[in-house]
Structures are given as C-alpha cells and as structure tokens.
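Open the model in your viewer and keep the selection panel at hand. The tour below goes stop by stop.

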Amino acid sequence: MNATATSASTRDPVVARLSTLDRFLPLWIALAMAAGLALGSLIPGFDDALDRLRVGTVSLPIALGLLLMMYPVLARVRYEEIGSLRGERKLMISSLVLNWIVGPLLMFAVAWLFLADQPEYRTGLIVVGLARCIAMVLIWTDLACADREATALLVAINSLFQIAAYSVLGWFYLSGLPSWIGLDTQGFEVSMWEVARTVLIFLGIPLLAGYLTRVVGLRRRGADWYERAFLPRIGPVALYGLLFTIVMLFAIQGDAITDQPFDVVRIAIPLLVYFAAMFALSFLTGVWLGLGYPKTSTLAFTAASNNFELAIAVAIGVWGASSGQALAGVVGPLIEVPVLVALVYVALWLRTRSFPSIPEPVR
C-alpha cells in the first residue's frame, strides 16, 4: 500500500504526505462498515448465506479478503534484510513482554472492570486479548512508515508463540487465574491444531506468496523494476482486501450488531481503553529504549493490534456463532479498525515532533 505519495518535507502536514487512497482511509472504512451492516441487516438471509461459506471454523469470504489484504504488504518486505535484525534484542524482548504478558493481563483487567456482570462478553474480550497480531498490523505499520522487516519478524515470532501458548493462556486467564483470586471461571478448550491451522491460513499462505514473489521478481526483473513498477501496481490491492474483509465481517454479524447496540457500546468501552493504553505504553517503551521511530512504531502497533480472525474463529468454534463471546469478537475489529487508523495519524504526527531528524522514507 502506498503510504506516502510525495516526497514532501517532514515539516508538511501528515495528511499531505499520504496518497489519495490512504488520506481518506477512515472514510473508506466507515463506508465499508456501513455497507456490511446494511447487507447483513436489510437483505434477508444474506448473513446466513455468507456464514455457510466456511470450512470448519474458517469463513471463506473473510479468508479471501485477508489474503488479498496481506499479500501486497508481505511482497514489500525485504526478506534478505531480516537476518540483520537478529541483534535487535531490545526490540524482540520488549515485544514478547508487551504481547504475551502485558497485553493479555491488561485485557483481563479491563474486561473484568467493565463487564463483571456479563460473563459471555467478558470472556470474548479476554479471548481477543490473547490473540496477538499476525494480520492487519502489517497494514497499520506500512501506513505509519514503520520498519517492515522488523514487523515481519515480530509477526513471525507472535505466530509461533500463538500456536504454542494460546491454549495454555486461554485456560490460565479464563479458569486458572480467576479461580485463584476468587472470581467466576469460564471453561475453555481449544486445540493447538485449531490455532495452528488459523495461523497457517491467514499468515502462512500470504507470507509464502509474498516471499516467492519477491525472490522471483528480483531475480528476473531486478530491484528497480520490482520496487518502482511492480509494488506500486499491486499496492492498492491491500486496501481493497481490507475493505472487502470489513464488509464481509460486518455483513455476517449485521443482525447481532444492530439488534444489540447498547451491548456493543458496553463491549466497545473497554476495547477503547485497551487499545489506547497498549499503544501509549508500547510507544513510550520504544522511545525509552532508544529504538528510533521505525522500530518504535513497529513495537507500538504490533503490541496494540490483535488477531481478530483467530479470536472470532475460536469464539465461534468453542461457544457458537450466536454466542456473546462471538459478538465480542466481532466488536473487536469494529473498534480496532478505526482506532488503529487514528493511531496511524498519531504515530506520524509524533514522528515529525519526537524524531525530527528522520529522513522521509520512500514507499
């Protein structure tokens, strides 16, 4: 996705340095949400028909949108440079702590603080908090001019941790910890294979496609053609995939969202607190560690984002599509998408003020 359309000075307004597509991204996302809700609510049986297009717990329309969304971004990653990041111990350690200790614990806290009397919604939020970023964060970091290679590395690390730790952490935060401190417990059982399959589909396929595209493109046509001709041509596909995913997601859950607006608001409030707190804490951590803007932005977005497709798949698979847990999972991207878009602008604004010596990146 073309995050910056001109070579304007860093002193120019942030919006002026975005492409036309990216400049109006909040509008396109709002329209996609409205279109999805309208389709799901106004066309009888449309949401049920979409929901039947699935293999196991994987929705085929959502899977298609996510693959289209992630492929262009992963084709931009300079995989040949990732090896040089192995020395970035501060970045990797801080990311692991923020993603797998701070993030789930913070979501557990806000879920209990705001939804103590709503066990289904509370459980759904905790499930969202356990699903760390592997997909949309690639879009946010690309728009925010973060470090693509560092993002790809952290996404890969999160994917491995997700496969190994998701089930254990689910038990800990839904059964173990509440029992130890005298709170209500919720049963949780999801197999490692369910998590692994979701990660392989939503990350593995576009990652392999992006890697092979870059290797073949560089070998056959050279870096100049690949960076200046091919990537700009496929860049907008990421935005189209994002918008298609949002339309499909909200079409499937249109009735639940429109029929329970006050419940949606109750779920949204702790999510807003969570995303804002995680981004601020992670960005400040990057500044404190002296990581520089690209890696600080990468750290902040990878810690603040969540893997909503995994959370929704788990909620539907364990508690059912009509459950409160599934509704909470769907409200996750309803809040996350516009909030993270806003945080892209916040990050770019902070970049020009907190890191004034950084040259304008070429996108």
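**Salt bridges**

Select D142 and R148: their side chains meet in a salt bridge, with N to O at 2.6 Å. Keep in mind that this is a predicted model. D142 has 1% relative accessibility, so it counts as buried. R148 is buried as well, because its relative accessibility of 10% falls under the 20% cut-off.

Next, select K295 and D147. Their side chains form a salt bridge at 3.1 Å, N to O. K295 belongs to helix α13 (residues 293-304), while D147 sits in the loop between α7 (137-143) and α8, so this pair ties together parts that are 148 residues apart in sequence. Both K295 and D147 are buried.

Now pick R214 and E227. These two form a salt bridge whose closest N and O atoms are 3.1 Å apart. R214 lies in helix α9 and E227 in helix α10 (residues 223-252); the two are 13 residues apart, and the pair links distant parts of the chain. E227 is partly exposed, with a relative accessible area of 25%.

How many salt bridges are there by this rule? The count comes to five.

**A backbone stop**

Stay with the loop between α7 and α8 and select C145, which is found there. C145 is not a glycine, yet it has a positive phi of about 60 degrees. At 7% relative accessible area, C145 is buried.

**Aromatic pairs**

Show the rings next. A search of the whole structure finds 10 aromatic pairs. For F108 and W112, the ring centres are 6.4 Å apart and the planes stand at 55 degrees, so this pair is tilted. A pair counts as edge-to-face over 60 degrees and as stacked under 30, so 55 degrees falls in the tilted class. Both residues lie in helix α5 (residues 89-114), four residues apart, or about one turn of the helix. F108 is buried at 7% relative accessibility. W112 is buried too, with a relative accessible area of 15%.

Move to W171 and W180. They make an edge-to-face pair: 6.3 Å centre to centre, with 75 degrees between the planes. W171 counts as partly exposed at 43% relative accessibility. W180 is exposed, with a relative accessible area of 61%.

Now widen the selection to F108, W112, W171, F172, Y173 and W180. Ring pairs link these residues into a cluster.

**Charges over rings**

The charged end of R122 sits over the ring of W112, 3.6 Å from the ring centre. Then select R221 and W225. R221 lies over the face of W225, at 4.4 Å from the ring centre.

**A nonpolar surface patch**

Select W171, W180, I181 and L183, which make a nonpolar patch of about 460 Å². W171 and W180 also belong to the ring cluster. L183 is placed in the loop between α8 (148-180) and α9 (192-221). At 30% relative accessibility, L183 counts as partly exposed.

**The nonpolar cores**

Hide the surface and select W140 and F301. Among the 98 residues of the largest nonpolar core, these two have the most contacts inside it. Which helix gives this core its largest share? Helix α15 (residues 324-354) does, with 14 residues. A second, separate core has five residues, including A75, Y226, L231 and I234.

**Last stop**

Select A280, which is found in helix α12 (residues 261-289). A280 is partly exposed, at 35% relative accessibility.

Notes. Residues are numbered from 1 along each chain as its sequence is written. This is a predicted model: local features need pLDDT of at least 70, side-chain atom pairs count only at pLDDT 80 or more; totals for chains, interfaces and linings use all residues. Side-chain values use heavy atoms; hydrogens and water are left out. A nonpolar core is a set of buried Ala, Val, Leu, Ile, Met, Phe, Trp, Tyr and Cys residues joined through side-chain atoms within 4.5 Å. Buried means under 20% relative accessible area, exposed over 50%, partly exposed in between (1.4 Å probe, protein chains only). Rings of Phe, Tyr and Trp (its six-membered ring) pair if their centres lie within 6.5 Å; planes under 30 degrees apart count as stacked, over 60 as edge-to-face and the rest as tilted. A charge sits over a ring if NZ of Lys or CZ of Arg is within 6 Å of the ring centre and within 35 degrees of the ring normal. Patches are made of residues with over 30% relative accessible area and no salt bridge: like charges are joined within 9 Å, nonpolar side chains (Val, Leu, Ile, Met, Phe, Trp, Tyr) within 5 Å. Accessible areas come from the Shrake-Rupley method with a 1.4 Å probe; for residues, only the protein chains shown count as cover. A salt bridge is a side-chain nitrogen of Lys or Arg within 4 Å of a carboxyl oxygen of Asp or Glu.
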